[in-house]
Amino acid sequence: MAITIKEYSSAGKILRQKDLRQALYDAGEVLMKKVLVNLHGNEHKSRRSVESKILQPNFFRWYEKEVFSKTLQETIYPYLKEGKADLVDLAYRILLNLTADFSGVDRPKKTAEETGRLLNLLRTFGKAATLGQAKGDKKEIVKEIEDALDEFDRDFYKPSKKRRLKIIKNIDDGLTAKDDLPKDILTELLKNQDNLKLEDEFLMKETAFFLLAGAFTSIHTLTHSMHELFERFKSNPREEVTDNPLFLQKCIHESMRLHPSSPTAMRRPTCPFHLDNGEEMNEKDTIIVDLMSANRDESIFGNDAESHNPNRDLPKGVPPYGLSFGKGMHACIGLNLAAGALPKENSDSETHQYGIITLTAKKLIEFGASPDPDNPGIVDTSTIRNNWSSYPILFKN
Ligand code: HEM
């Protein structure tokens, strides 16, 4: 039996249930079998607590200030010179570099060719997350993912791991200062191997998964957000957001609510489980949480729930991005990195932590980005995600 939950409150309740385990990625076990989002119980708890150590507010502040602005500038520059870009392609390049940084995947050559290779690998890894819904020969897709993992292992993971192990040893031997240790997930996992005892294959897959979890979601979120902003600029001045980045962040959160990058979550009972209506569900049953519908629930978000309104009033305790980052034990560990801290009445716009999507959007708007009137964007209608497959933009500055 499979049931679908569409109401906001029930959806949140299901996601917080400890007796329900992850069920969205069963088909993609070639990559996903032992990665964080697929673990349950204590195994999930101990892995998450190690990885959470790196993804803390001080990390996000350091990352935005020290790493992000440089990487962003480097990636956008060639497109600025050309005066145009495909936003989807640009988003891939910006956000892949960013997620590679915090995942712990080195790109020693830093060339466009090297980024292109990693991008292709990432696109193939993405197929593992959606293998359950894939059309065509699944065995062929699994083989393609295995080959991509081999290439990732040899050319990216092994050298990145080797470099980190050397630094860890040098620190232990007193030859290097502690500050030289990279701040990323792979380093954190390697430091904690005594407790975690992760086999190398799964350490490699966890690193690949982080790259995937951070990049794919953020890329499509950025493109949707820019589209919503361009629509808003038709009747509101750009200064409304360029002069007020805290309001820009609100616009981004509102777009995140409308376009959750994972439109559904899925869970399966670990023991007999009773729904609110008394119905019993068992290990073989599936509960689909329709995040897209929950985020447009009019009883929570009002009669205009379908529209982009960053000024909407929200009930107490409901975040502006709704359930787009999940809830409960699997709630997104990268939430603050992607969406930043929630703005408050007294937030200081100078020191506020905005998240990488708002900061990227801010830069693009400052450079005068606007849709190319002769080449409208194309929506990929082959999945229910309705992501943009192409979105040509021009830079006016
Ligand atoms: C706009 C960007 C993002 C969105 C919309 C998003 C969304 C989500 C959602 C809905 C979940 C919960 C899945 C479930 O309940 O089954 C999740 C989990 C997760 N996300 Fe994100 N995510 C984003 C960015 C990131 C980033 C930047 C990272 C990297 C640090 C990341 C890493 C993860 C991980 C590792 C999990 C699994 C957590 C666990 O199982 O304990 N995400 N994300």
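## Helix packing and ligand shell

Helix H5 passes helix H10 in a right-handed crossing, a crossing being right-handed if the near helix is turned clockwise from the far one by less than a right angle, and left-handed if anticlockwise. This is a predicted model, in which local features need pLDDT of at least 70 and side-chain atom pairs count only at pLDDT 80 or more, while totals for chains, interfaces and linings use all residues. Residues are numbered from 1 along each chain as its sequence is written.

The axes of H5 (residues 87-103) and H10 come within 8 Å and cross at roughly 145°, where axes are lines fitted to C-alpha atoms, for helices over the stretch in contact, and angles run from 0 to 180 degrees between N-to-C directions. Helices (H or I, at least four residues) and strands (E, at least two) are DSSP runs, numbered from the N terminus.

H10 also gives the most to the shell around the ligand, with six residues. Of the 25 residues around the ligand, Gly214, Thr217, Gly326, Cys332 and Gly334 come nearest, a residue being near a molecule if its C-beta atom, placed from the backbone, lies within 6 Å of it. The elements that give two or more residues to this shell are H10 (200-232) and helix H15 (335-339).

The table gives the shell by class, with Ala, Val, Leu, Ile, Met, Phe, Trp, Tyr, Cys and Pro counted as nonpolar, Asp, Glu, Lys and Arg as charged, and the others, Gly among them, as polar.

| Class | Shell around the ligand |
|---|---|
| Nonpolar | 13 residues |
| Polar | eleven residues |
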